[in-house]
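This briefing concerns the model shown below.

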Amino acid sequence: MAEVVLTGINKWYDGKVHAVKDVNLHARDKEFMVFVGPSGCGKTTTLRMIAGLEEISSGEIRIGGRVVNDLPPMDRDIAMVFQNYALYPHKSVYANMAFGLQMRKFPKGEIEKRVQAAAEILGIESLLERKPRQLSGGQRQRVALGRAIVRHPQLFLFDEPLSNLDAKLRVQMRVELKRLHERLETTAIYVTHDQVEAMTLGDRVVVMKDGVVQQVGEPMALYSRPANRFVAGFIGSPAMNFAEVTISESGGGLWAEASGIRIKVPPASAASLRPHTGKRATLGVRPEALRIANGSDPAEYLFDATVDVVEPLGSEILLNLTAGTNALVARVDPAVNVKTHERVRLAFDPARLHFFDHATESAI
Amino acid sequence: MVIERRWKKWLYFYIPLAVFILFTLFPFYWMAVTAFRPDPELYRSWRAASATPFWTLEPTLEHFKGLLEGSEFLQWLWNTMLIAMVATIISLICGMFAGYALARLKFRGSEFLGTAIFITYLVPQTLLFIPLADIIRNMQLGNTPWALMLTYPTFLIPFCTWLLMGYFKTIPRELEECARIDGATRFGAMVRIIFPVAVPGILSAGIFAFTLSWNEFIYALVFLSSVEQKTVPVGVVSELIRGDTFFWGQLMAGALLGSVPVALAYSFFVEYYVAGLTGSVKG
């Protein structure tokens, strides 16, 4: 049980590559915090600095109130699950799980009790005598988890633990991980490049890019109020549609204009957008905030587009559209019947429009 | 079509393989036949009517008897075994630590050191024995097994280090990182996790080192002088060629007996050995 505080963390490789830039984070006690971002964004490096596997160039890391900068990994009271599981190939499942306890000189009876308990939680009691190479991917994953939980550490670290599993198993393990965390109530930091994993697992999600934290927040907050264009595009699938627009004023209202699209800026955004009048901005709209117009929609939020590709997914239909030079994706009701090359009229949900500064890319 | 494939397989696979095997095994065969061939048959002209150069009609053990009774062969065998064992163990231990350090630790000049060690291995023994002879004389180790036990590692350690460095690099880094988080020190992780996982590589290095010291000739020839201190390769050559007389039968019997332990070591470890050469570790 511990909170983790990162203050002004930087990582330089050989004094040349600035991999992590001035990261400040606070993972609360019992929180499940997820670092997400594209590869090379510094999320794994940050995790490895917390683990003590990577030196900290500058800044301070506290785990449970204790500064751990100069502590070796073994003294930080953490457990880590690696992407490739890192099971000791020459040891049985039991010995793999017992290793950490043996190193800490736990009595034999206690080790046995803890390994049994962990094996029971993970449903691997029958595998204890096997060697890692005799296990399937999912089983190895469980053993790696078991090895982490027998230690009862104050902090769990996960480095993309599910990315070596096939899609179906990944969904299943995701749910199990979440259940496990509820049960163990231990602070956890989890690194992934998969935004779905981040959204489903995290109590709070940290979005990173190029070594910089872009936004920290609860999953739904990231989704509905992205801090900048990167977060908006990274969170959500299919990704948010973007269009370069010019803001202009006419008839007492603000209008956003792009090739093939002309919509009124909703009153809620008007005040903050007014200084951008006559300038360019980026309009962002999620595929699920677009729908086929039904006649009762206000005319200020309508536009026409041509259907390029129809992707029927069963529970929904994805329409790939072109409006002027802008390519858009709309997620519409499966009852909608449209064909390729058809011309359709679409409506924006005015409450769910996002505007981003053209230069800084931050939300307006 | 199937038939065509079959003759192609013969042409490109079985026949070249047979030629290759014949070529590599023939010296061994020749050695074995000569060791069992009685003297009259050995010194008969090839052109004699009854000559059978590729086999023998009256196999005999007289050469083995002569070798074991008339020379110090068993003593040489023991010397060779002892020297090869000690030199191998010293070299393996040094090579394991050095190889690990070069593979895993980042320190200034580590790459240069790796290359330097490899270059040491390339310096020919025929040059090195001259300064080494001086050192051996100064330390008064001449004509003792220590002369070889301590000089063989000069070429075995670079060899073991280089081979094991390559092997350690194939072991996922996460294994020892995990061990270090689990509560092991760097040294503990190396000894408890990396070395056990590297057993195939360590055995391969050991077998190679053992064979190299077993067959070593020039140091043994230079540093050892008395008959009872000699190793098999030197003893057989220096004691069984008297003047310009070659005791072919005993020479070959000695060579045959001398190669048996190495062959046994190979076949005993062959499974690990092959795994070591291909260097596969899967988590």
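In this predicted model, 21 residues of chain A are in contact with 17 residues of chain B. On the chain A side of that contact, β6 (78–81) and α2 (93–103) are the elements that give two or more residues. The chain A side comprises 16 nonpolar, 3 polar and 2 charged residues. The model as a whole scores ipTM 0.84 and pTM 0.82.

**Confidence in chain B**

- Chain B has a mean pLDDT of 87, with 94% of its residues at 70 or more.
- Within chain B, the highest confidence belongs to helix α4 (residues 73–104), at a mean of 94.
- The lowest confidence in chain B is that of helix α13 (residues 248–278), at a mean of 78.
- Over residues 279–283 of chain B, pLDDT stays under 50. For this segment the model has 18 contacts beyond four places in sequence.

**Overall organisation of chain A**

- Chain A contains 9 helices and 20 strands.
- The C-alpha trace of chain A spans about 80 × 45 × 35 Å along its principal axes.
- Of the 364 residues in chain A, 40% are buried.
- Among the contacts in chain A with a separation of 6 or more, 66% are between residues 24 or more positions apart.
- The domain assignment divides chain A into domain 1 (4–231) and domain 2 (241–357). The C-alpha centres of domain 1 of chain A and domain 2 of chain A lie 40 Å apart.

**Domains of chain B**

- For chain B, the domain assignment gives domain 1 (1–60) and domain 2 (71–278).
- The centres of domain 1 of chain B and domain 2 of chain B, taken over C-alpha atoms, are separated by 33 Å.
- The contact between them takes 7 residues from domain 1 of chain B and 6 residues from domain 2 of chain B.
- On the side of domain 1 of chain B that touches domain 2 of chain B, the elements giving two or more residues are α1 (2–36) and α2 (39–42) of chain B. The largest share of that side, 4 residues, comes from α1(B).
- By class, the residues of that side of domain 1 of chain B divide into 4 nonpolar, 1 polar and 2 charged.

**Nonpolar cores**

- In soluble globular proteins, nonpolar side chains tend to be buried together.
- The largest nonpolar core has 150 residues, of which M80(A), L157(A) and I189(A) touch the most other members.
- Helix α7 (residues 145–170) of chain B gives the most to this core, contributing 15 residues.
- Another core, of 13 residues, lies apart from the largest one and includes W76(B), F247(B), L251(B) and A253(B).
- Leaving aside residues up to four places away in sequence, I189(A) touches V4(A), A27(A), M33(A), F35(A), L47(A), I50(A) and L157(A).

**Strand pairing in chain A**

- Strand β3 (residues 32–36) of chain A pairs with strand β9 (residues 204–209) of chain A in the parallel sense, over 4 bridges. Across this pairing, F35(A) stands opposite V206(A) in β9(A).
- β9(A) also pairs with strand β10 (residues 212–217) of chain A, here in the antiparallel sense over 5 bridges.
- V206(A) has V216(A) as its bridge partner in β10(A). K209(A) has V212(A) as its bridge partner in β10(A).
- The hairpin of β9(A) and β10(A) has 2 residues between the strands, and D210(A) takes a positive phi near 50° in this hairpin.

**Residue T187(A)**

- T187(A) is found in strand β8 (residues 187–192) of chain A.
- Is T187(A) buried or exposed? T187(A) is buried, because 25 other C-beta atoms lie within 10 Å, and a residue counts as buried at 20 or more.
- The C-alpha atoms of T187(A) and A117(A) are separated by 20 Å, with the two residues 70 residues apart along the chain.

Terms used:
Residues numbered from 1 in each chain as written. Chains lettered and ligands numbered in written order. Buried ≥ 20, exposed ≤ 12 C-beta atoms within 10 Å, placed from the backbone. Contact = placed C-beta atoms within 7 Å. Domains from an automatic or database assignment. Core = buried A, V, L, I, M, F, W, Y, C linked by C-beta atoms within 7 Å. Pairing = 2+ DSSP bridges. pLDDT = per-residue confidence, 0-100. Nonpolar A, V, L, I, M, F, W, Y, C, P; charged D, E, K, R; others polar.
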